[in-house]
Amino acid sequence: GRSCTVIGGSGFLGQHMVEQLLAKGYRVNVFDIQQSFEREQVTFYLGDLCDKEALLPALQGVSVVFHCASPAPSSDNRELFYKVNFLGTKTVIAACREARVQKLVLTSSASVVFEGTDIKNGSEDLPYAQKPIDYYTETKILQEKEVLSANDPDNDFLTTAIRPHGIFGPRDPQLVPILIQAAQSGKMKFIIGDGKNLVDFTYVENVVHGHILAAEKLHKDSPLCGKAFHITNDEPIPFWTFMSRILTGLDYDPPKYHIPYWLAYYLALLLALLLALLRPLVTIKATFTPMRVALAGTFHYYSCERAKRAMGYRPVVSLDEAIARTVQSYPSLRRARA
Ligand SMILES: NC(=O)C1=CN([C@@H]2O[C@H](COP(=O)(O)OP(=O)(O)OC[C@H]3O[C@@H](n4cnc5c(N)ncnc54)[C@H](O)[C@@H]3O)[C@@H](O)[C@H]2O)C=CC1
Ligand SMILES: CC(C)CCC[C@@H](C)[C@H]1CC[C@H]2C3=C(CC[C@]12C)[C@@]1(C)CCC(=O)C[C@@H]1CC3
């Protein structure tokens, strides 16, 4: 039972998954469209998860599949999201069944219930967003539904989904690098709203811990079958306090002026429209998108009580420790002092 395949194992979360799985004595295969590291103990299978024939060899003889592959949310490519997150996940399920894999653990996202308005201590019982904040999230909803409904104990195939939120930590290509790039170009001067909105930021090792626990506690008749679970640091923090701690940790000034939420949102919307009009001539990526403004200016934190009860989940790294480790892991992003 300790052999697994990590689909998306070359990515940020995937690499951390592989490291902890190896440390726990698992035999690990990685299936990914790219190979981002080499390790003697890991067998790599390169391919597109939309291709069942490419997937099958990577799933032979394994009991657990962790599916944490997705196009990056910032890629803004509707067709690709639909193809990989929805159609590709259907292919993953079909391949798991064909290879007689017993357990499939999907990395979903807490954002599947987020519509850009406040969520405070949200439970998994909240309905899926009817108006998801972007197309990435829309396809994460389709994907999660597909995986949860594939749970089939009678045929020895069990599925569950982990919904992390705001994953951060060493080697994350998104949160810290985007934040520091914005600071370097003088864009991190404003706090959107009053700065009191609480948000979950979850250290990558806690997210991995949640996935491995889920795989180990997923049995016939267990409450995990066909269900989704929030995995958070269980320490919601004001969005702008978190950003400021990362910024000051890397010697950048924290933002100090306030801009009303609605003003920031409509400015971002206007900018998005302008960039869409200009797209035939020039492609520019905006730092402030309506989606990021919504994430920066609203409450969105979730209860992980269900994971505590069903799988005995507790965060293993506190937020203070996680921020310290993350800041330390990016020496190249530290501000050069004159
Ligand atoms: N980063 C975050 O804050 C959050 C991420 N998630 C989810 O966690 C998972 C992992 O995210 P990250 O590690 O941050 O992303 P990442 O972009 O670092 O890793 C994704 C991996 O998937 C692979 N991949 C993409 N398309 C593929 C395809 N067609 N076939 C095979 N492999 C493919 C990529 O090559 C990459 O190695 C994703 O499912 C994402 O939706 C959920 C909540 C928050
Ligand atoms: C420039 C600043 C206003 C903000 C910089 C930080 C942002 C890049 C990140 C803050 C919250 C993050 C987040 C995600 C990506 C990076 C942030 C927008 C996700 C969209 C990643 C994928 C998910 O499933 C949900 C995440 C929510 C939080």
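A charge sits over a ring if NZ of Lys or CZ of Arg is within 6 Å of the ring centre and within 35 degrees of the ring normal. By that rule, R78 lies over the face of Y135, 4.1 Å from the ring centre, and K120 does likewise with F299, at 4.2 Å. Keep in mind that this is a predicted model, where local features need pLDDT of at least 70 and side-chain atom pairs count only at pLDDT 80 or more. Residues are numbered from 1 along each chain as its sequence is written, and side-chain values use heavy atoms, with hydrogens and water left out.

Now for the ligand. Around ligand 1 sit 24 residues (a heavy atom within 4 Å counts as near), and the closest are F12, L13, D32, Y136 and K140. A polar side-chain atom of D32 comes to 2.6 Å from a ligand oxygen, and one of K140 to 2.9 Å from an oxygen of ligand 1.

On to the aromatic rings. The whole structure holds eleven aromatic pairs; rings of Phe, Tyr and Trp (its six-membered ring) pair if their centres lie within 6.5 Å, and planes under 30 degrees apart count as stacked, over 60 as edge-to-face and the rest as tilted. F37 and F44 have ring centres 5.2 Å apart and planes at 70°, so this pair is edge-to-face. Both F37 and F44 are buried (under 20% relative accessible area, 1.4 Å probe, protein chains only). For F239 and W240 the centres are 5.1 Å apart with the planes at 70°, so that pair is edge-to-face. F168, F201, Y203, F239, W240 and F242 form one aromatic cluster.

Methods: Chains lettered and ligands numbered in written order. Polar contact = N/O pair within 3.5 Å; in protein donor to acceptor, adjacent residues only side chain to side chain. Buried < 20%, exposed > 50% of the residue type's maximum accessible area, 1.4 Å probe, protein only.
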